[in-house]
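Thanks for coming, everyone. I have one structure to walk through today. Please have a look at it first.

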Amino acid sequence: MARRRGGAAAAAASPAVVGAISVMAVVYYSTVFVFLDHWLGLGTTAGAAHAAAVSLAVAACFFAFVCAAAADPGAVPKSFAPDAEAAQGQGLKSRYCDKCCMFKPPRSHHCKVCKRCVLKMDHHCVWINNCVGYANYKAFIICVLNATIGSLYSFVIFLCDVLFTEHEFDIVYVKMVYILAGVLLFFLSLTIGSLLCWHIYLLCHNMTTIEYREAVRAKWLAKKSGQKYRHRFDLGMRKNIQMIMGPNILCWLCPTATGHLKDGTEFQITNN
């Protein structure tokens, strides 16, 4: 996995990145040292087991977060030149970026924030201060997966603490802490969980967020003309997942296992 210019230091310079890391730290501390400790006690076997599980989820999320933020999402090679015959045979048009003054491969787009073209660009994520593209999409989706697991786990521990133990809610600050924590954990679980479901859908159809928006109009035009639309890069669920996560299922949850990725300038298309 190639590193972006400036690496982790460039990502850490963003207030949004600092905010995301701060939320991870607050959720972890409150879950383990407040809610879990009050519910079961960290000295018990069950409490220690839950603490270890939460720590593992947060550590995995943070590692994938750093990988997605520090990695280069995919730069167009300076030597790239479109193959006119191959592109015409696949129904793809060669595109020229007026801002970068160079040709860009299929599925590449120019990012206004990064001020360059990104291979298979999905979107620019402010929370990692980086584009999500061909080279770091796997790390991004693993980060979202672990964040969803961690936030749901924390929310369940919070509910168990509230429902199964006694609290001094007549004290104002105790009541406020639990209300704010409940709202935060519910909001995180809902939003990050929804984001995960969205990217699982895109992953299974080998589609980016930008391509989905383009496909909406394409579906409408196909329906209007009495045809059935299928995304040209959709090779079937199994192959779509393997193209992003890798052929070895044991490496799917490792954000640095990206040896299966090529240069990101050519993509297989469906014959249908």
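I will go from the overall fold to the helix pairs, and then to single residues.

This is a predicted model, so local features need pLDDT of at least 70, side-chain atom pairs count only at pLDDT 80 or more, and totals for chains, interfaces and linings use all residues. Residues are numbered from 1 along each chain as its sequence is written, and side-chain values use heavy atoms, with hydrogens and water left out.

Start with the overall picture. The chain has eight helices and six strands. Helices here are DSSP runs of H or I with at least four residues, strands are runs of E with at least two, and both are numbered from the N terminus. In sequence order the pattern reads α-α-α-α-β-β-β-β-β-β-α-α-α-α. The C-alpha trace spans about 75 × 45 × 35 Å along its principal axes.

How much of the chain is buried? Of its 272 residues, 42% are buried. Buried means under 20% relative accessible area, exposed means over 50%, and partly exposed lies in between, with a 1.4 Å probe and protein chains only.

Now contacts. Contact means heavy atoms within 4.5 Å. Take the contacts in the chain with a separation of 6 or more: 65% of them join residues 24 or more positions apart.

On to the helix pairs. Two packed helices are described by the angle between their axes and the distance between the axes. Here, axes are lines fitted to C-alpha atoms, for helices over the stretch in contact, and angles run from 0 to 180 degrees between N-to-C directions. Angles under 35 degrees count as roughly parallel, over 145 as roughly antiparallel, 65 to 115 as roughly perpendicular, and the rest as oblique.

First pair: α2, residues 15-39, and α3, residues 45-70. Their axes come within 10 Å and cross at roughly 175°. That makes α2 roughly antiparallel to α3. On the α2 side, the contact residues are V17, A20, I21, M24, Y28, T31, V32, L36 and W39. On the α3 side, they are G47, H50, A51, V54, S55, V58, C61, F62 and F65. What kinds of residue are these?

The C-alpha atoms of C61 and G150 are separated by 8.1 Å, yet the two residues are 89 apart along the chain. G150 sits in α5, residues 137-164. G150 counts as buried because its relative accessibility is 13%.

Next, α6. How far apart are its ends? The end C-alpha atoms of α6, residues 172-204, are 48 Å apart. The expected span is 1.5 Å times one less than the number of residues. For 33 residues that gives 48 Å, so the two agree. Just after α6, N206 takes a positive phi of about 50°.

Then comes α7, residues 209-224. The axes of α6 and α7 come within 11 Å and cross at roughly 70°. That makes α6 roughly perpendicular to α7. W198, H199, Y201 and L202 of α6 meet T209, Y212 and K219 of α7. This contact divides into four nonpolar residues, two polar and one charged.

Stay on α7 for E211. Is E211 buried or exposed? At a relative accessible area of 6%, E211 is buried. Leaving out residues up to four places away in sequence, E211 touches R107, N206, H231 and F233.

Two loops between strands to finish. C101 lies between β1 (95-97) and β2 (102-104). C101 is not a glycine, but has a positive phi of about 60°. C101 is exposed, at 54%. K115 lies in the loop between β3 (109-111) and β4 (116-118). Phi of K115 is near 60°, again positive in a residue other than glycine. K115 is exposed too, at 68% relative accessibility.

That is the tour. Questions, please.

Methods:
Nonpolar A, V, L, I, M, F, W, Y, C, P; charged D, E, K, R; others polar.
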